[in-house]
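This explanation goes from the whole chain to a few of its parts. Please look over the sequence and the structure before reading on.

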Amino acid sequence: NFRVDLSFYCFTRFDEIKEGDVVRHDGKRSDGYLEHIFKHAAKELFGMDVKEITYKTLKNKDFQEVTLEKDGETVLRFAAAYGFRNIQNMVLKMKKGKFLYHFVEVLACPGGCLNGKGQAQTEDGKPDKALLHQMEEVYAAIPVRLPETNLHVQKMYQDWLEGMDSKKVQEALHTKYSAVNETASNLDIKW
């Protein structure tokens with residue numbers, strides 16, 4: 001089984017970070033970690049070094065797919081679903097058993113976090129496209145560093161978690177999922 005260790009993304013000792021230490025993960029914008037996880041999975045599971053990821057736009061620009069092929073067979077299928085309409089469609093397809101992705105990055109805001117309602121807007125309440133483009137350029141200029149190469153993370157594993165594969169890591173950073181029995185209730189949300 002492949003596992004993604006969420007600790008890389010959750011812990012940093014901010015008290016020791018200086019201005020020049022600011023880095024970002026792989027990705028087009030402020031999206032989540034789809035690109036990093038995809039590249040990591042390709043290397044760990046299939047021994048493939050993926051340098052560049054190509055997104056395939058499906059129904060709209062906020063629902064995109066990334067695949068990895070090996071020997072003519074699709075071995076990884078990831079998706080990025082942004083905005084509630086795409087999230088609803090994804091949940092419906094999952095319920096019907098027609099959603100065949102290994103990983104899905106979900107963001108509530110269409111266009112991702114930089115396009116969120118907390119960002120600058122024009123006077124009529126619409127996203128400021130010029131400012132959004134400028135924020136994307138600033139974000140893209142920040143150097144990329146793999147989370148697992150972060151010295152603060154490595155020190156946390158060594159000092160606090162007692163190693164990468166310790167019992168403490170399993171207890172603190174991993175979880176298991178199981179099927180939930182459906183109940184008939186007026187409180188159930190019907191997507």
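Two strands are said to pair if DSSP finds at least two bridges between them. The model shown here is predicted. In it, strand 1 and strand 2 form a hairpin, with two residues between them. Strand 1 covers residues 56–60 and strand 2 covers residues 63–70; they run antiparallel and are joined by three bridges. Within this pairing, T57 stands opposite Q64 of strand 2.

The chain has 191 residues, of which 30% are buried. It exposes about 13500 Å², and carbon and sulfur atoms supply 53% of that area. Of the contacts between residues at least 6 apart in sequence, 56% join residues at least 24 apart.

Helix 3 takes up residues 84–95. Its 12 residues, at 1.5 Å a residue, should span 16 Å, and the end C-alpha atoms are 16 Å apart, so the two values agree. Which residues of helix 3 are buried? They include N86, I87 and M90. These three lie on the same side of helix 3, because they cover an arc of only 100° around the axis. An α-helix has 3.6 residues a turn, so residues three or four places apart point the same way. F84, R85 and K95, on the other side of helix 3, are exposed.

The buried residues of helix 3 pack against strand 1, strand 2, strand 3 (73–82) and strand 4 (103–107). Just after helix 3 comes G97, with a positive phi of about 75°.

Key: Residues numbered from 1 in each chain as written. Predicted model: local features only at pLDDT ≥ 70, side-chain atom pairs only at ≥ 80, totals over all residues. Heavy atoms only, no water. Buried < 20%, exposed > 50% of the residue type's maximum accessible area, 1.4 Å probe, protein only. Contact = heavy atoms within 4.5 Å. Areas by Shrake-Rupley, 256 points an atom, 1.4 Å probe, with all protein chains shown as cover. Helix = DSSP H or I, 4+ residues; strand = E, 2+ residues; numbered from the N terminus. Expected span 1.5 Å × (residues − 1). Arc of directions from axis to C-beta.
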